[in-house]
Amino acid sequence: MLGSALLVSAGLGCSPADRSGPAQPTAAPVSSSSAPARPTPVRAACRTPLPESWRAALDAGEFRAPRGQRAVLTEVGPRARWTVVQLSDGQSRRAAVVEDAEAPRTLLTFADPVEHQLLAADVSADGRWTAFAVLEGRTLDSPWSLYVQDAEGGMRRLARSAVPGPLPQPVVRDGAVFWAQGTGRGRATIFTSPVRPPGSGDTAPAPRALHSGVIEAPFAAGGLLAWREASADGRSTKLSALSFATLRPAGLPGPVAALRDLRSPASDGTTWAWVEDGADSADSADGADGAGGGDPRLVVWRQGQPAPVARLSGAPAAEGLDQLRISGELITWRTPEAAYALDLRSSAYTRITPRYGYAQARAGALAVAYHKDRAKGPDARTVIQVVRADRLPRLPTPRDCG
């Protein structure tokens, strides 16, 4: 468990909180006898410059914040139908949702425009319900509150916590909100609560506990809610899941269920990606440089593949990579220096932000945020671009790509 408090930089402004949160499963060193018998095969992707077609599409999809306000990207919806942002004007700060390029609709104006920050959000498939989490301080161990708002009127708070644990990353599915929160002693519980219309006169039911353990915040993976979890003896980590349909434990695809000690997992239900510690590149399928040597690696598995494949490792694109997101053939991630996108159609990847920033792929959408200037402070101009990822042409494969 990472117990140290990390400062949330108010000036960074382009990246939502790290999905791992300040409390994540950790494992003791595992003996060599328990290491995988066979290293992950390597099929290295090749880097290509950001093509003009992508650049033009991103420029055309730029979100223009209301005059005098500064926007921070939080979440993008399927096929870019909605975007959740935080808006500040120096005197107030609010969470807002932008639907189909309309004017931002306020979800909540924060009580403290300096300390409170929008952490994460999700919107129901019909666009009516928005669940969002607000951090009530500048450090990741600050208290937080989770709300659900009805676009037809009304809002209620689902949870509030000051106990260290995973930061809430709400998932809205099938008329319910799912999230995890700390319960003490390094453990956390996954809860669910129905999106009942506020003001209906009915008493809202208490959140239902679904699973407890040493876990990270869960994420949606098609029909599954999945999360990373420490084993009972604390010596390894694995992925676990439950079904949205039954709310009971569910099996994972074989190659994914067998994974141990992975980091930053992500999935759209068909494609899975994660970070693992690299190994020697002797077993590389194509001998490409930068595909091994002990560096962290981006590993991908898709339904129909016999085994996961390492697609990327080494500096700069895989150095410190985290916040993986997936939309069909597109995988995005960020590093301490920039954000990148990998196109599985062409096995090519590109740097998608000039510097720093964040890129987020989801269900046919791609959102990109970065500072226009080198400065990362509150005076820097933030660029937010939202496009239909499923309409972008494939990244070109470099001629010298093996």
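What share of the contacts in the protein with a separation of 6 or more comes from residues 24 or more positions apart? In this predicted model, such residues account for 49% of those contacts.

**Overall make-up**

The protein has 402 residues, of which 53% are buried. Its secondary structure consists of two helices and 27 strands.

Strands of a sheet pair through backbone hydrogen bonds, and the pairing may be parallel or antiparallel.

Phenylalanine 132 has tyrosine 147 in strand 8 as its bridge partner.

Strand 25 (residues 358-362) is mostly covered, with five of its five residues buried. In a regular strand the side chains alternate between the two faces of the sheet. In strand 25, Tyr358, Gln360 and Arg362 point one way, while Ala359 and Ala361 point the other way. Residues on both sides are buried.

Strand 25 runs antiparallel to strand 26 (residues 365-371), and five bridges join the two. Alanine 359 lies opposite valine 368 in strand 26. The hairpin of these strands has two residues between them, and alanine 363 takes a positive phi near 45 degrees.

**The disulfide**

A disulfide is a covalent bond between the sulfur atoms of two cysteines. How many disulfides does a search of the whole structure find? The search finds one. It joins cysteine 46 to cysteine 401, with an S to S distance of 2.0 Å. The link is right-handed, with 80 degrees about the S-S bond. The pair connects distant parts of the chain, 355 residues apart: cysteine 46 is in strand 1 (residues 46-47), and cysteine 401 is in the segment after strand 27 (382-388).

| Residue | Relative accessibility | Class |
|---|---|---|
| Cysteine 46 | 16% | buried |
| Cysteine 401 | 22% | partly exposed |

Buried means under 20% relative accessible area. Cysteine 46, at 16%, therefore counts as buried, whereas cysteine 401, at 22%, counts as partly exposed.

Methods. Residues numbered from 1 in each chain as written. Predicted model: local features only at pLDDT ≥ 70, side-chain atom pairs only at ≥ 80, totals over all residues. Heavy atoms only, no water. Helix = DSSP H or I, 4+ residues; strand = E, 2+ residues; numbered from the N terminus. Buried < 20%, exposed > 50% of the residue type's maximum accessible area, 1.4 Å probe, protein only. Contact = heavy atoms within 4.5 Å. Pairing = 2+ DSSP bridges. Disulfide = S-S within 2.5 Å.
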